[in-house]
Amino acid sequence: MVSIVTDEFAVAVGPPAQLEFVDHSWQTTAIRAGEFFTVTPILKLLDAGGNYVDYDNSSAVGVTIKDNSYGAVISSTPYNAMANYREYISIRRNQSLLVQAKEGIVKFNALKIDKQGLNYTLLFT
């Protein structure tokens, strides 16, 4: 009898249901108003069972300033490969900057906050 073995594959509990920081060091790095974060926030997508969803290339994760009493703007300059230039995106109050997952990883490159302030918190959804 002839047989064949499949490649490895994942069986997830379901679609992405949780977020987890890959590295927390960006939260302890000094951030200056108007300058790019020196360490990029990177998150990974997890299913309801806490398993890494490494096959996801379509989910989007947003970031916004949660408690924005200073009226600050969070912005990014994502690379636009089609036009071969950087496009500046500003996100104001109650809006989220969306980034699409690649293999279950979401990288928020080139983030900055325009105003100095204390006790900022970012909300990733």
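View 1. Read along its sequence, the chain follows the pattern β-β-β-β-β-β-β-β-β-β-β, and its secondary structure comes to zero helices and 11 strands. The model shown here is a predicted one. Buried residues make up 26% of the 125 residues in the chain, while the accessible surface comes to about 8,600 Å², of which 51% belongs to carbon and sulfur atoms. Among the contacts in the chain with a separation of 6 or more, 72% are between residues 24 or more positions apart.

**View 2. Three strands form an open sheet.** The strands lie in the order β8-β3-β11, and their pairing is antiparallel. At the edges are β8 (97-100) and β11 (122-124), each of which pairs on one side only, and the twist from one strand to the next averages 20 degrees. In general, the strands of a sheet pair through backbone hydrogen bonds, either parallel or antiparallel.

**View 3. Strand β3 meets β11.** Strand β3, which covers residues 60-65, pairs with β11 in the antiparallel sense over three bridges; Ile65 stands opposite Leu122 in β11.

**View 4. The largest nonpolar core and Phe108.** This core holds 18 residues, of which Val106, Phe108 and Phe124 touch the most other members. Two or more residues come from each of the elements β2 (42-46), β3, β8 and β10 (111-113), and β3 gives the most, with three residues. When its neighbours within four places in sequence are left aside, Phe108 is in contact with several residues, including Thr40, Pro41, Leu43, Val61, Val63, Leu97, Val99 and Phe124. Nonpolar side chains tend to be buried together in soluble globular proteins.

Key. Residues numbered from 1 in each chain as written. Predicted model: local features only at pLDDT ≥ 70, side-chain atom pairs only at ≥ 80, totals over all residues. Heavy atoms only, no water. Pairing = 2+ DSSP bridges. Helix = DSSP H or I, 4+ residues; strand = E, 2+ residues; numbered from the N terminus. Axes fitted to C-alpha atoms, helices over the stretch in contact; angles between N-to-C directions. Core = buried A, V, L, I, M, F, W, Y, C linked by side-chain atoms within 4.5 Å. Buried < 20%, exposed > 50% of the residue type's maximum accessible area, 1.4 Å probe, protein only. Contact = heavy atoms within 4.5 Å. Areas by Shrake-Rupley, 256 points an atom, 1.4 Å probe, with all protein chains shown as cover.
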